[in-house]
Amino acid sequence: MSVAAAAAARVSPYLDLESAPFTLPGSRILVMRADEGVTVRLAEYERRLDDCILVRTLRVLGPDGRVAPVSAVHPDRIEFGAAGVTLTFDGPDALSLGGGEAPWTAELDLPHTPALRTTSPIRITLAPAAAEHRKSARFTAEIEHFSCARGHRAALEATGRVWEEWFARTPVVRDDLVGMTAFCWWVLGANIVSLPGRGARAVVPSKIGYVGLWQWDAYFIASGLRHGDPELAREQLELAFAFPTADGQLPDVVHDEGVLASSDDLPPGDRDNLRRAGSAIADPSAPIPLTKPPLAAWALRRLEGLVDDPAWFDAAWATVARSQEWWFAHSDLDGDGMPEYGHPYSSGLDDSPVFDAELPVASPDLAAYLILQDDLLAARARSVGDAAVAERFAARASRTLELLEGMWDESAGFFRSSGAGAPVEAEAVVSLLPLLTGRLPGRYVAGILAALDDPERFATTWIVPTVARRDPDYSDERMWRGPVWVNVNALLAEGLAVSGHADRSRALIEQTLRLVQHGGGPHEYFNPATGEKARTATTAFGWSAALFIDLAVQVSGA
């Protein structure tokens with residue numbers, strides 16, 4: 001069995017058509033389980049899947065007229081009963097149903113046309129929706145009958161080749177991590193979409209609900225992709241860097257219809273959610289910039305030596321430098337030298353209790369990211385012989401470090417955030433992330449280690465929770481108020497390593513890998529008490545998959 005075939009076989013048990021739908025790299029089509037059959041939906045930016053139904057229900061009936069249930073799901077096909085009928089892709093914008101030696105019938109319930117029954121192979125293609133239907137999906141389904149079975153066989157073979165080529169790139173890892181790594185690699189392939197007019201492939205966080213390129217997600221996803229497809233990893237950063245504002249700010253999201261770079265760009269659904277929560281930022285008096293934490297240099301550095309394009313690196317580093325200047329010039333809202341988050345979305349930790357405080361919020365994680373990014377920019381400047389620029393970045397990193405140290409609350413034992421200048425009571429994971437700088441004096445590192453070891457704070461059954469257990473706002477289930485996130489663990493593991501605690505870093509990596517395996521896949525976030533997927537978390541989540549791969553490669557010595 002080839003490497004690709006073995007990987008595909010390992011993935012099949014995870015493809016339940018619920019947490020992991022049937023899809024194809026580059027396609028917006030999702031096939032998911034429905035009563036006695038499957039439903040076909042379309043993945044679109046900020047549209048609910050229930051509003052993007054192409055086929056409400058597709059059922060296969062055997063020769064006896066009874067429903068032939070889904071009997072197996074593989075990356076390249078869905079099998080129905082014992083009839084030998086399969087559903088596969090015929091390119092990114094079409095599905096093909098056919099095969100089977102015994103007579104069979106397909107029943108299709110379509111949203112905008114009468115139900116259809118057919119006994120011959122069919123092709124389901126996307127077509128622009130009629131004007132009266134565009135409030136939901138922009139596309140509808142059209143049915144074309146094959147004149148013979150050859151078209152279906154060709155579609156099966158072509159879809160098989162797509163996945164074979166993808167799985168051939170699966171990174172090599174330790175034996176006990178091979179199965180989950182194969183599934184995580186499938187997740188990254190399954191989440192590839194084409195963004196119209198962008199000229200690149202985006203690996204989205206999830207085709208179930210997150211169909212766009214979020215800046216932070218792109219950095220973490222590229223970190224995992226680099227081990228099997230560095231060029232695709234590069235494309236993620238190209239998209240993230242492609243649309244800076246005139247003053248250098250990078251947008252939060254790049255999507256089909258434009259970018260999300262300001263509160264004026266918020267989609268109606270997000271604004272409605274903020275209004276329901278009683279948030280003052282739903283309708284601010286002036287536009288608020290929306291971006292993501294400054295980890296651009298961190299991500300770019302991880303591609304060095306894997307992508308051979310010096311001119312691209314020069315341009316990318318220049319973009320990163322301009323975005324760093326934006327943080328200090330336009331996000332230091334009180335003028336004290338320490339930039340703040342002007343909106344929770346810009347933190348990546350949208351629902352953290354840190355943002356229950358009045359905005360803007362000065363947070364120790366942002367300080368750490370800015371120090372790290374200035375240090376990396378200084379290293380880059382030195383590598384190209386620009387000593388003066390290197391010194392400027394290094395000096396600013398040192399000044400920011402002094403301000404970060406001033407955020408330490410000795411009596412509480414953690415780095416404390418402040419909102420509109422007032423101390424924030426919440427103890428969240430942001431207080432641990434200054435480890436990333438690798439420059440903290442020992443007493444602060446000791447304080448962070450004490451927090452990590454304290455069962456009343458961060459030493460939960462499955463670590464690391466995103467809020468201390470002793471905090472009144474702690475929750476096992478609520479997003480960013482307790483659940484474990486793979487990206488946070490990966491950053492903390494790196495912080496432990498650069499702060500002189502390699503053994504603890506390795507232990508956290510191993511625990512994170514076990515968490516994803518225990519929880520059944522790379523979910524968006526996990527319950528820290530049970531290690532299972534939190535109830536409202538998205539499944540087949542891009543950065544969790546990518547960082548599982550990245551961490552698995554690290555501990556495998558590959």
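Mentor: Start with E46, which lies in the loop between β2 and β3 (53–61). Helix and strand names follow DSSP runs, numbered from the N terminus: helices are H or I of at least four residues, strands are E of at least two. This is a predicted model, in which local features need pLDDT of at least 70 and side-chain atom pairs pLDDT 80 or more, while totals for chains, interfaces and linings use all residues. Residues count from 1 along each chain as its sequence is written, and side-chain values use heavy atoms, without hydrogens or water.

Now the backbone at E46. Its phi is near 55°, a positive value in a residue other than glycine. Most residues other than glycine have a negative phi, and most peptide bonds are trans. E46 is partly exposed, at 34% relative accessibility. The scale is simple: buried is under 20% relative accessible area, exposed is over 50%, and partly exposed is in between, with a 1.4 Å probe and protein chains only.

E36 shows a positive phi too, near 60°. It sits in the loop between β1 (29–34) and β2 (37–42). With a relative accessible area of 51%, E36 is exposed.

Cis peptide bonds come next. One runs from L359 to P360, with omega near 0°. P360 belongs to the loop between α8 and β17. Another cis bond joins I463 and V464, where omega is about 5°. V464 is in the loop between α11 (442–453) and α12 (486–498).

Two strands pair if DSSP finds at least two bridges between them. β17 and β20 (residues 418–419) pair over 2 bridges. There, V361 faces G419 in β20.

Now look at β6 (residues 85–89). It is mostly covered, with 5 of its 5 residues buried. In a regular strand the side chains alternate between the two faces of the sheet. In β6, V85, L87 and F89 point one way, T86 and T88 the other, and all are buried. β5 (residues 77–80) joins β6 through 3 bridges, running antiparallel. I78 stands opposite L87 in that pairing. β7 (residues 94–99) is joined to β6 by 5 antiparallel bridges, and F89 stands opposite L95 in β7. β6 and β7 make a hairpin with 4 residues between them, and G91 in the turn has a positive phi of about 85°.

Helices next. The axes of α8 (residues 310–330) and α10 (residues 387–405) come within 13 Å and cross at roughly 40°. These axes are lines fitted to C-alpha atoms over the stretch in contact, and angles run from 0 to 180 degrees between N-to-C directions. In α8, A321, Q324, E325 and F328 meet R392, F393, R396 and T400 of α10. Contact means heavy atoms within 4.5 Å. The contact residues divide into 3 nonpolar, 2 polar and 3 charged. Here Ala, Val, Leu, Ile, Met, Phe, Trp, Tyr, Cys and Pro are nonpolar, Asp, Glu, Lys and Arg are charged, and the others, Gly among them, are polar.

Last, the cysteines. C52 is buried, at 0% relative accessible area. C184 is buried as well, at 0%. The structure has 0 disulfides, a disulfide being a pair of cysteine sulfur atoms within 2.5 Å.
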